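Colleague: Could you walk me through this one before I start on it?
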Amino acid sequence: MPAIDAVTLILAIPAVAAAVLALLPGYRLSAQLNVLASFLTLVAALSLFVAKPEPGPYLLVDDLNIVFIALNAFVGFTTSVFSASYIAHELETGRLTPVYLRFYHAMYQVMMFGMNLALVANNIGLMWVAIELATLTTVLMVGIYRTHEALEAAWKYFILGSVGIALALFGTILVYMAARPVVGEGLDGMVWTILMAHVAGFDPALLNVAFVFLLLGYGTKVGLAPLHAWLPDAHAEGPTPISAVLSGLLLNVALYAVLRFKLLLAANPGAIAPGPLMVVLGLTSLVFAGFMLYRRRDIKRMFAYSSIEHMGIITFAFGMGGPLANFAGLLHMMMHSLTKSAIFFTVGHIAQVKGTQKIADIRGLTVTHPLLGWGLVLGVVAIAGMPPLGIFMSEFLVVSSTFAREPLLAIPLVLGLLIAFGALMLRIHGLAFGEPTGSTAPVKASYLPMAAHLSLVLMAGFYLPPPLVAWFQHVARLLG
Amino acid sequence: MHGLTFDVAHMFAGGLVLVSFMMLYQDRLYALLNVFALQAFVLSLSVAWQALVQDAPHLYVTAAIALILKAIVIPVALHRIVARLGIHREVETVVGVGLTMLAGIALVALSMVVMLRVTGEADPLAREDLAFALSVILLGLLMMVTRRNAVSQIVGFMSLENGLILAATGAKGMPLVVEISVAFSVLIALIVIGIFLFRIRERFDTVDVGALDRARGERL
């Protein structure tokens with residue numbers, strides 16, 4: 001084994017970059033360095049597909065988390081490109097000062113470090129620490145504008161996030177308690193690979209209670225209703241690149257933690273089935289968010305509710321379980337990350353050029369800013385689940401597998417999807433078409449990240465490469 | 001099971017729950033901070049006792065952190081903040097004391113019922129520690145929801161963390177990683193909180209979270 005492998009790199013690059021960015025004045029260079037560091041992390045993450053290191057006591061790369069790592073690094077990279085053009089504008093308008101930008105860039109890399117660490121952790125304690133780190137950095141980023149609303153959002157996020165994190169820690173301790181009689185005291189009782197190997201002998205009652213705490217704790221971070229209250233505010237008031245990574249990545253990381261513990265429970269014959277709990281939470285989030293979409297007046301807040309809706313669908317799919325539903329869940333997670341961050345990229349530029357986030361004040365985008373306008377239309381069409389885009393395919397798979405197995409559950413599922421669809425169509429019509437309002441000044445936007453994401457989503461709707469399908473099928477079987 | 005070992009550990013864990021109850025009915029901030037310091041002190045005694053009986057010297061570190069940071073440094077710092085903001089006379093409970101106490105009793109009963117039932121096979125000390133820890137956690141949560149003032153919400157959160165440390169030390173042989181991380185997280189949380197308090201003061205001259213509840217961006 002070489003001294004420095006790819007796993008070390010995806011942790012070391014963000015950590016070093018964060019330290020450098022914290023010291024470096026001058027935002028132009030920092031922004032470029034941020035992009036470079038994110039790109040290097042992406043390269044390191046992709047190299048994991050070629051050579052996978054052996055699991056150690058702290059770090060682990062297996063077939064499940066490699067998907068998450070690659071997605072994380074990719075969206076992290078494209079968002080850093082978007083962020084470079086976004087913050088230039090924020091600096092011009094004086095919403096951010098150079099000192100805050102320095103802080104912003106350093107925090108961006110710390111957040112990437114936290115998320116990567118959470119994904120590769122082979123230790124439930126370490127994973128908890130990493131998720132807490134990522135949460136705390138995003139709290140700071142959400143409050144960075146220091147407006148009244150931003151502070152309210154950050155405070156709410158901090159309080160709810162901490163409570164969630166605390167519940168998750170209690171669940172983690174309970175898992176250790178359950179493992180102790182079987183695997184013995186000390187470090188072994190917290191290592192995934194060892195836990196998975198011995199879980200059949202654990203006390204099922206203790207595991208059940210632990211899972212309830214873990215699901216509620218990490219579920220708060222996934223943004224599942226009724227624990228979602230922090231999510232819309234945090235998305236609406238923070239800088240838009242942070243909204244993009246929150247929706248596209250942090251929610252996934254928390255969901256990954258839930259999935260890991262679901263696997264643990266599924267391997268114990270005496271424990272309750274974790275699926276139904278996840279199904280209920282998922283459906284609640286979906287239907288609730290679908291209705292809430294109608295009353296939104298703030299564009300970023302609207303897409304935040306759409307994230308709750310989609311996390312609901314994904315949780316539902318994983319809760320249903322089985323190869324087909326798990327496949328659909330994985331695909332949907334990937335498609336949602338790509339689409340939602342692309343939407344936030346366009347929304348960020350739109351809000352900057354129009355100087356407002358109020359939906360009522362933004363009209364006729366396709367006339368004033370054709371590229372942004374049509375990009376937004378395409379993104380919303382995709383997120384609403386219209387064919388032929390990628391999300392249609394994954395939603396179709398979720399719905400059809402549900403109809404085949406539990407037709408009764410399919411009714412609220414389809415209802416929720418249709419409600420959300422109606423709301424999004426209603427809003428996008430006003431935003432994109434009609435008499436233009438507001439500023440028509442041209443934007444200095446970087447269209448590349450948006451175009452890359454949307455073309456991937458469009459491509460996935462038509463054609464999924466067979467190796468990718470085989471990989472997803474393999475992971476779906478692993479998930480049971 | 002040695003009788004004395006068990007009884008002392010039991011006393012400290014029960015003491016934590018008792019102090020949690022005392023926090024529920026404090027309606028002056030200074031008094032609340034003093035009771036919190038007392039809770040952290042009891043926690044450090046409890047952790048030190050566990051270190052002694054489990055023969056786990058690394059737990060002394062956790063006990064020291066609880067004593068120095070949570071029983072002394074944080075309460076003093078919060079005292080100063082409260083004094084500087086001039087909010088020491090603010091009474092800010094959302095629900096009445098009687099109702100809060102009743103809810104607290106119900107929560108403790110709930111955690112006893114849940115934890116004692118599911119941990120039948122674990123050793124009695126760990127069992128009761130877990131039940132008490134869950135009580136402290138739930139009481140901390142209760143305090144966070146029944147208070148409107150940012151400072152007392154922080155205190156509620158920290159008392160919740162005290163419950164977590166009690167659980168972590170009760171679980172025999174739990175790796176050091178976790179204890180340090182918990183202590184560390186308190187530190188980070190403090191930094192965050194400090195920044196928040198600072199910013200909140202700068203902007204609105206109040207730390208009443210109710211004042212933060214005005215604009216929602218979309219309520220026109």
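Modeller: Below are some notes on chain B and on a helix pair in chain A.

Modeller: This is a predicted model, in which local features need pLDDT of at least 70, side-chain atom pairs count only at pLDDT 80 or more, and totals for chains, interfaces and linings use all residues. Residues are numbered from 1 along each chain as its sequence is written, and chains are lettered from A and ligands numbered from 1 in the order in which they are written.

Colleague: How many helices and strands are there in chain B?

Modeller: Chain B has 7 helices and 0 strands, taking helices (H or I, at least four residues) and strands (E, at least two) as DSSP runs numbered from the N terminus.

Colleague: And which residues of helix 1 there are buried?

Modeller: Ala9(B), Phe12(B), Ala13(B), Leu16(B), Val17(B), Val19(B), Ser20(B), Met23(B) and Leu24(B) are buried in helix 1 of chain B, meaning that 20 or more other C-beta atoms, placed from the backbone, lie within 10 Å of the residue's own.

Colleague: What covers them?

Modeller: The cover includes helix 2 (29-54), helix 4 (97-118), helix 5 (124-146) and helix 6 (150-170) of chain B.

Colleague: Switching to chain A, at what angle do helix 6 and helix 9 of chain A pack?

Modeller: Helix 6 (residues 148-183) and helix 9 (residues 230-237) of chain A pack at about 140 degrees, with axes 8 Å apart, the axes being lines fitted to C-alpha atoms over the stretch in contact and the angles running from 0 to 180 degrees between N-to-C directions.

Colleague: So what do you call that?

Modeller: Helix 6 and helix 9 of chain A are therefore oblique to each other, since angles under 35 degrees count as roughly parallel, over 145 as roughly antiparallel, 65 to 115 as roughly perpendicular and the rest as oblique.

Technical notes. Buried ≥ 20, exposed ≤ 12 C-beta atoms within 10 Å, placed from the backbone. Contact = placed C-beta atoms within 7 Å.
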